[in-house]
Amino acid sequence: MESTKVAALVVLVTVAAIFPVTRSLTLCNMNDDGVMACKPSVTKPEPVAPPSEACCNALKGADLTCLCSYRNSLMLPALGIDPDLALALPAKCNLTPPANC
């Protein structure tokens, strides 16, 4: 019985290695790459860097009004993103921030 469990586990690990599950983060029309490009600029205690060109390009295609809805959400902090720093990015990228955000 124990060898059957071990064999099943080996099969599961092998299948997982052959067919990896890709998890993709999409946040207000920003994909993983865009979110990760901006992350150094929105991480506390102090942002590591000003927003990169890749970050600003990702923000150009983002739904900035949607980003406002995450101001008081626990999702951004769970990703290591400070909401206030994130909401300051559009201005740093010379984009018009959404009104009433």
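Author: A residue is called buried when its relative accessible area is under 20%, exposed when that area is over 50%, and partly exposed in between, with a 1.4 Å probe and protein chains only. Cys 101, at 36% relative accessibility, therefore counts as partly exposed. The structure is a predicted model, in which local features need pLDDT of at least 70, side-chain atom pairs count only at pLDDT 80 or more, and totals for chains, interfaces and linings use all residues. Residues are numbered from 1 along each chain as its sequence is written, and side-chain values use heavy atoms, with hydrogens and water left out.

Reader: How many disulfides does a search of the whole structure find?

Author: A disulfide is a covalent bond between the sulfur atoms of two cysteines. Here the working criterion is a pair of cysteine sulfur atoms within 2.5 Å, and the search of the whole structure finds four. When the bonded cysteines of the protein chain are numbered in sequence order, the pairing reads 1-5, 2-3, 4-7, 6-8.

Reader: Where do Cys 56 and Cys 93 lie, and is each of them buried or exposed?

Author: Cys 56 and Cys 93 are joined by a disulfide with an S to S distance of 2.0 Å. This pair links distant parts of the chain, with Cys 56 in helix H3 (residues 53-60) and Cys 93 in the segment after helix H6 (83-92), 37 residues apart. Cys 56 is buried, with a relative accessible area of 14%, and Cys 93 also counts as buried, at 9%.

Reader: What is the handedness of the link of Cys 68 and Cys 101?

Author: The link of Cys 68 and Cys 101 is left-handed, with -120° about the S-S bond, and the two sulfur atoms are 1.9 Å apart. Cys 68 lies in helix H4 and Cys 101 in the segment after H6, so this pair ties together parts that are 33 residues apart in sequence.

Note on methods. Helices (H or I, at least four residues) and strands (E, at least two) are DSSP runs, numbered from the N terminus.
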